[in-house]
Amino acid sequence: ALATFGTPAPLPEESMRIDFAVTNAAFVWLNGAPPLVGLDATGRVTGRAANVTATRGGIDLGGGKRLALADGVFAMPDFHRKPAPASLTARVTGSLESVGDLLDREALKAFGGAHIDTASMKGQLDGKLSVDMRIQKGSRTNDAVVRVAGAVNAFSIDKLVGKERFEQGSLNLTFDAQGLKASGQGRLFGGPATLDIRKPPTGVADAVIQFSLDDQARARMGLASAPGLSGPIGARINAPFARDDAPARVELDLTRVAIDGFLPGFVKPAGRPARATFSIDRSDGAIAVDDLVFDAPGGPAMRGALKLEASGAFRSARLAQLRLSPGDDMKVDADSTREGVKLVVRGQTIDARPFLRGFMRSDSVVGPREAEIGRAHV
């Protein structure tokens, strides 16, 4: 009504003043969105402008979900303009589940709605809702610009990495026409972790998770039997958010890790720089490691793919490149059998000594016998 109020010639600002108060009012702030309800507000209308301040109210989303509002302000500085600019701001508090329900409403999808399944998430938002709009007869939903910004406290999500729960989190969250962004800290595998979520207006949400995996954390992850690993691993995972059945991209900092026993002759002492990158897929009940690149400058290098059991135990490897010693040029197929690991090695130049040391290692294999190991050119 305010958008069409007035005479053909705009009224002077001082020509009219109406002060009012309302209790338990409802206000439609965006076509197709749940209305603001239970509003206690005061307002003023002059010859050109309108301003309403609400001390309390809420957004009733149904099903017991509700967002509480405080310090709400609706302002229309010049309702004679066509369209008339207006804005709504309010402090918003409530559960993350309620926030997800609101952002998933059809009315918000026109300018960046963000569907995120919050069934496995918990947390409380304390933030600010801002809506800039242009009001006139026939106004369209996508004429509005909606922003939500705030902090999510007591945040947790089940099964963020495998079966592990991210908990005790605090995130900073923003939602606007560019989509949804959330980043912050929490705990994962019993240690500190960071979480960064990006959800564009269309498409799936991606998450980047960074944390450390020590021996105890690997045991909690179900990888206690991972062969030949000791020491903390710095991990960075990029994957679709809250989708444990989707492939993920992994980067590992292995500088502080000692590796000895993964494959015969594959040795890296703790403290030597090393990194590994690969994609990982758990969708078939096992662990498929593809696009593997491992590099320890001056030490072992590997490129290829691995298969692991769900427990982390070695199943097979197809390595297009394996270097255990400088100058090595070989390809390796490895398969776990009842008798041990079966290796098929092909290449131009192979230093066999690391292989043989790995096979022959025992308390009785020392000295002269080790000296007999030579270099093979195949």
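Relative accessible area sorts residues into buried (under 20%), exposed (over 50%) and partly exposed in between, computed with a 1.4 Å probe and protein chains only. By that scale F20, at 31% relative accessibility, counts as partly exposed. This is a predicted model, in which local features need pLDDT of at least 70, side-chain atom pairs count only at pLDDT 80 or more, and totals for chains, interfaces and linings use all residues. Residues are numbered from 1 along each chain as its sequence is written, and side-chain values use heavy atoms, with hydrogens and water left out.

**Confidence**
- The protein averages a pLDDT of 81, with 82% of the residues scoring at least 70, where pLDDT is the predictor's confidence in each residue, from 0 to 100.
- Over residues 1-7 the pLDDT is below 50, and this stretch has 13 contacts in the model beyond near neighbours in sequence, a contact meaning heavy atoms within 4.5 Å.
- Over residues 362-378 the pLDDT likewise stays under 50, and the model has 23 contacts for them beyond four places in sequence.

**Aromatic pairs**
- Rings of Phe, Tyr and Trp (its six-membered ring) pair if their centres lie within 6.5 Å, and they count as stacked with planes under 30 degrees apart, as edge-to-face over 60 and as tilted for the rest; the count comes to three aromatic pairs.
- F189 and F211 form a tilted pair, with 5.4 Å centre to centre and 35° between the planes.
- Because F189 lies in the loop between β9 (179-188) and β10 (191-199) while F211 lies in strand β11 (residues 206-213), the pair ties together parts that are 22 residues apart in sequence; strands here are DSSP runs (E, at least two residues), numbered from the N terminus.
- F189 is buried at 6% relative accessibility, and F211 is buried with a relative accessible area of 6%.

- F20 is found in strand β1 (residues 17-27).

**Backbone geometry**
- Most residues other than glycine have a negative phi, and most peptide bonds are trans.
- A cis peptide bond, with omega about -5°, joins K82 and P83, and P83 lies in the loop between β4 (65-76) and β5 (84-95).
- Q168, in strand β8 (residues 164-176), has a positive phi near 55° and is exposed, with a relative accessible area of 61%.
- D291, in strand β18 (residues 287-295), has a positive phi near 55° and is exposed, with a relative accessible area of 52%.

Terms used. Helix = DSSP H or I, 4+ residues; strand = E, 2+ residues; numbered from the N terminus.
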